[in-house]
Protein chains: 2
Amino acid sequence: MSLVRVHNFSVSLDGFGTGEGQSAESPFGHAGERLHQWFFKTRTFREMHGQEDGGRGVDEVMAANWNPGIGAEIMGRNKFGPQRGPWENHDWNGWWGDNPPFHTPVFVLTHHPRPSVEMEGGTTFHFVDAPPKEVLSRAREAAGGLDVRIGGGVTVVRDFLAEDLVDHMHIAVVPIVLGRGERLWDGSEGLEKRFHIESVSTPSGVTHVTFTRR
Amino acid sequence: MSLVRVHNFSVSLDGFGTGEGQSAESPFGHAGERLHQWFFKTRTFREMHGQEDGGRGVDEVMAANWNPGIGAEIMGRNKFGPQRGPWENHDWNGWWGDNPPFHTPVFVLTHHPRPSVEMEGGTTFHFVDAPPKEVLSRAREAAGGLDVRIGGGVTVVRDFLAEDLVDHMHIAVVPIVLGRGERLWDGSEGLEKRFHIESVSTPSGVTHVTFTRR
């Protein structure tokens, strides 16, 4: 059975998945890199950037779980790039260079469609303007029986949670208080009734929380 | 040196320390007992109620740390009782019976003072209408060189954090999404700059987070 999964999604103690004031220079706004420092040190992240010096501890074990079994990703336009409104041109192909780390079809949610673009290494970006269920249906078809990852950002995860479309979720609670930004948990009151939840803290100070559909 | 400490303070994943709709029947509002189930199972809690069947695991170790070295407590009126506004009479002496578990002076913050009341076992309730620093000064004097505990609820902890009066804090993050109520972290942006923070998850699913002033 093809599952819908969320991985390596960081939130602050006060539940913010991104800071205020996002821009090309500050993709996470005033949060800076604080939400993802644990992830940047993992082998999974370092290998995406051609480095071999990443950690192999529990943070890495949690991080590495993002990829196996995934056949497609769905992401919001804000994850794809800093542009807003109609595309001025089609030069931007994401933050990840010619060979993005996805290696699957990736469905980018946007009200401003543009032609699909095939990258090196198996990643193809499709631009879609459709509600969660419809996008999921397309992503599932593209995934060929494998799982579909919801790649974020905050509003995309929230929308899929609200429609009860998520089967498994890995959230990393980072011990900082952001105070401002986008809240992941808004609209998810009583989430614990739908999921079996487990937690493990690691020496980096992060607490990994897994949600598995009951 | 006399420290100001917070212990066994539970919040949900979305940062609520109590639910919406508090009343005499539902002291934590719609949160019910969900925030404190881990605590109710500990030996520390069970002994407060004359029972000897409490747990002795890591949750208990964390819970038991609330008491040693404490010479006074400061609590909000909403923790003391469900009444609001002027006291109709002085019959109510807290939720804890004739012999409350504090065994120290307890300063109850209220805009409606009433005479101090001496209970069995060393607990004396004092009713004070003063800003945090002033109450703390009185509590410190009463504590005779020992530490002062901030007993909650949410707004009291928040007020003492806002004035940077807290030296040590133990927060239990419970894996539920409350959605409504009073948020602990509001106004505490950047708290991590002031505290060294450590986390440990336990089999109950709770993550204990300790904050120690840097």
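In this predicted model, the buried residues of helix α5 of chain A (buried meaning that 20 or more other C-beta atoms, placed from the backbone, lie within 10 Å of the residue's own) are V135(A), L136(A), A139(A) and A143(A). They cover an arc of only 100 degrees around the axis, which puts them on the same side of α5(A). The face turned away from this buried side carries K133(A), E134(A) and S137(A), which are exposed, that is, with 12 or fewer such C-beta atoms. Among the elements covering the buried residues of α5(A) are β1 (4-12), β3 (70-76) and β7 (147-152) of chain A, and just after the helix G144(A) takes a positive phi of about 55 degrees.

In helix α6 (residues 154-162) of chain A, the buried residues are V154(A), V156(A), V157(A), F160(A) and L161(A). V157(A) is also, together with I74(A), V173(A), I74(B), V157(B) and V173(B), one of the residues that touch the most other members of the largest nonpolar core, which has 108 residues; such a core is a set of buried Ala, Val, Leu, Ile, Met, Phe, Trp, Tyr and Cys residues joined through C-beta atoms within 7 Å. Not counting residues up to four places away in sequence, V173(B) touches V173(A), V11(B), L13(B), V206(B), T207(B) and V209(B).

Residues are numbered from 1 along each chain as its sequence is written, and chains are lettered from A in the order in which they are written. Local features need pLDDT of at least 70, side-chain atom pairs count only at pLDDT 80 or more, and totals for chains, interfaces and linings use all residues.

Technical notes:
Helix = DSSP H or I, 4+ residues; strand = E, 2+ residues; numbered from the N terminus. Contact = placed C-beta atoms within 7 Å. Arc of directions from axis to C-beta.
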